[in-house]
Amino acid sequence: MAIAAFTGAPPTQDQEPAVRRKSGIALVLLLPGVLYLVLFFLTPLISLIITSFQAPVPDGDIGQYQAAFQWSNYTDSIAEYWPQIIRSFVYALIATAAALVISYPLAYFIGVKMRGRAVLQNLLMTLVIAPFFISFLLRTLAWKSILSDDAWVASTLKALSILPPDAHITGTPFSVIFGLTYNFIPFMTLPLYSTLERLDVRLLEAGQDLYANAWTTFRKVTVPLSMPGIVSGTLLTFIPAAGDYINASQDFLGAADTSMMGNVIESNFLVLQNYPAAASMSVILMAVILVIVGVYVRRSGTEDLL
């Protein structure tokens with residue numbers, strides 16, 4: 001029996017009941033997860049797609065729509081909100097790149113340089129994840145207060161003539177990108193640390209023994225070995241940053257001319273009650289992110305992350 005199982009031979013009649021029993025147990029164990037995905041992912045997604053094709057009820061009130069197959073909801077949304085679409089992905093791309101530049105040295109220092117110093121290493125990791133202990137909204141509101149016109153940051157920059165007297169920090173693309181970078185840095189640092197913490201430093205020493213300088217060793221050895229962490233970190237940062245609506249909101253760090261797709265979706269759902277437009281923008285956001293992620297992962301040679 002063991003030999004047949006090892007060699008991949010088909011199960012005998014005595015083995016078939018055990019195989020069926022194991023298959024039944026596996027299906028029972030999978031059932032809660034499948035039901036969860038159907039109820040909380042597939043069902044809302046189908047409902048969102050159906051809503052994106054709805055049309056207004058003739059002579060109906062605001063917010064009343066009926067089932068239809070109106071493709072123009074997508075074309076109209078793209079034509080009307082294309083600046084927000086482009087702005088969302090540009091802001092998310094810049095914030096992701098900034099988070100990578102900041103997080104990689106930090107993760108390398110904690111994961112590689114601090115090996116053998118468990119207490120200090122754990123303390124530094126605690127400081128990295130400490131922002132998670134505070135609400136996302138409270139952190140963003142705190143930065144709005146810090147960067148406001150009457151706060152010390154703006155006052156100091158104006159006193160040093162770095163900023164003009166009538167300039168603002170909040171309500172600018174800089175403040176929105178800064179907020180995105182700050183809020184999502186832990187999402188970049190943790191995957192990088194997880195990868196770099198397992199990096200075999202003997203490979204770095206081997207590169208030095210082969211007369212490679214520090215930059216060549218970093219480019220040829222460290223970066224390729226840490227690529228899974230880079231890909232995971234950039235995805236975990238870029239995806240939520242592209243759909244973020246808090247940092248770019250006028251109530252936080254943004255202004256009317258810095259709004260992103262998340263702000264458009266929020267406004268159409270909650271204020272304008274234009275549910276088809278909001279749903280179509282949501283589908284467009286998901287579709288573009290899926291395309292970008294698929295291309296990025298395949299180009300980076302880490303298809304196993306898909």
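1. Helices (H or I, at least four residues) and strands (E, at least two) are DSSP runs, numbered from the N terminus. The chain has 12 helices and two strands. From the N terminus on, the order is α-α-β-β-α-α-α-α-α-α-α-α-α-α. This is a predicted model: local features need pLDDT of at least 70, side-chain atom pairs count only at pLDDT 80 or more, and totals for chains, interfaces and linings use all residues. Residues are numbered from 1 along each chain as its sequence is written, and side-chain values use heavy atoms, with hydrogens and water left out.

2. Now the overall form. The C-alpha trace spans about 80 × 65 × 35 Å along its principal axes.

3. Next, a helix pair. The axes (lines fitted to C-alpha atoms over the stretch in contact, with angles from 0 to 180 degrees between N-to-C directions) of H4 (residues 118-129) and H7 (residues 173-196) come within 9 Å and cross at roughly 150 degrees. That makes H4 roughly antiparallel to H7; the term covers angles over 145 degrees.

4. Which residues in H4 meet H7? They are Gln121, Met125, Val128 and Ile129. Their partners in H7 are Pro186, Thr189, Leu190 and Tyr193. Contact means heavy atoms within 4.5 Å.

Technical notes:
Angles under 35 degrees count as roughly parallel, over 145 as roughly antiparallel, 65 to 115 as roughly perpendicular and the rest as oblique.
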